[in-house]
Amino acid sequence: MKYCAKCGAQMPDDSAFCPNCGTAVNNQNKQQQFYSDNNNYYPQQNNQNFQPNLQPEKPNKNSRPVLIGVIAVVAVVILVGAGVFIGNNSKDDDSSRTTYNSGYDDDNNDDNGERNGKAVDLDSKYLVDDSNLFTDEEKADLIYKLEMVSDAYDMDVVIHTTDSFYGQTAGTYAWEYYVENGYGRGSTDDGFIYVLNLDDGEWYICTFGKAIDIITHDRIDIIGSEVNPLINNGEYYDGMLCYIEKTSKYLYDEY
């Protein structure tokens with residue numbers, strides 16, 4: 001028998017995870033949060049197709065341990081002042097399509113990738129649109145918001161669209177994409193990534209570090225219930241605005 005390095009519980013020699021706390025045995029340096037379902041242990045991320053209430057897939061790669069970090073409260077003031085929160089939405093009289101406030105003064109924006117006088121790099125690491133779902137103007141807007149949220153809360157907030165998971169589960173693909181591309185801030189790689197694969201009809205949110213306790217499994221379900229109808233209707237830009245709105249509100253509520 002051997003013992004868990006995290007909680008000290010006794011476990012079988014061939015166990016890949018601690019049966020008491022769910023910590024991965026072979027990767028004690030970093031881990032994701034685990035939850036239990038009939039004595040099986042799964043990471044605290046959600047993998048769904050575009051229909052709500054499907055169970056998350058089990059990633060086939062060990063997760064990494066995490067430590068909760070602390071950031072300066074003054075960042076919240078910066079975030080609110082910048083108008084990142086795009087919670088006000090409206091519906092046109094002749095349309096049921098939901099639209100979201102842009103979070104910045106349109107008069108201060110142009111077609112050259114600038115937002116409020118700040119140049120926006122369309123090749124930003126925060127939005128990797130391999131499926132080409134967004135126009136350049138939409139990319140500039142999404143990148144601006146993702147960078148603002150990331151800097152305000154000192155964690156990487158990433159959106160990635162892809163046409164293939166290359167034989168991997170959605171969870172494994174999202175985990176490896178985040179890690180192998182060097183995302184994350186601080187000693188616990190704080191941040192989270194949203195991966196969308198329209199060809200397979202799947203999406204996945206993978207969280208790391210202090211984001212684990214904020215973007216929880218239940219909150220991911222809520223995000224999916226609001227974002228999925230927009231994605232299903234081909235409203236990819238509005239769907240991602242909704243995603244940024246929901247996650248930034250959860251971050252704000254915690255700080």
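This is a predicted model: local features need pLDDT of at least 70, side-chain atom pairs count only at pLDDT 80 or more; totals for chains, interfaces and linings use all residues.
User: At what angle do helix 4 and helix 5 pack?

Analyst: Helices (H or I, at least four residues) and strands (E, at least two) are DSSP runs, numbered from the N terminus. Axes are lines fitted to C-alpha atoms, for helices over the stretch in contact, and angles run from 0 to 180 degrees between N-to-C directions. Here helix 4 (residues 217–232) packs against helix 5 (residues 236–254) at about 160°, and their axes are 8 Å apart. Angles under 35 degrees count as roughly parallel, over 145 as roughly antiparallel, 65 to 115 as roughly perpendicular and the rest as oblique. Helix 4 and helix 5 are therefore roughly antiparallel.

User: How are strand 12 and strand 13 paired?

Analyst: Two strands pair if DSSP finds at least two bridges between them. Strand 12 (residues 191–197) pairs with strand 13 in the antiparallel sense, over seven bridges. One of the bridges joins Phe192 to Thr207 in strand 13. The two strands form a hairpin with four residues between them, and Gly201 in the turn has a positive phi of about 65°.

User: Which way do the residues of strand 13 point?

Analyst: In a regular strand the side chains alternate between the two faces of the sheet. In strand 13, Glu202, Tyr204, Cys206 and Phe208 point one way, while Trp203, Ile205 and Thr207 point the other way. Buried means under 20% relative accessible area, exposed over 50%, and partly exposed in between (1.4 Å probe, protein chains only). Seven of the seven residues of strand 13 (residues 202–208) are buried.

User: Where does Asp154 lie, and where does Asp189 lie?

Analyst: Asp154 is in the loop between helix 2 (136–153) and strand 11 (156–162), and has a positive phi of about 55° although it is not a glycine. At 35% relative accessibility, Asp154 counts as partly exposed. Asp189 is in the loop between helix 3 (170–180) and strand 12, with a positive phi near 55°. Asp189 is buried, with a relative accessible area of 15%.

Technical notes. Residues are numbered from 1 along each chain as its sequence is written. Side-chain values use heavy atoms; hydrogens and water are left out.
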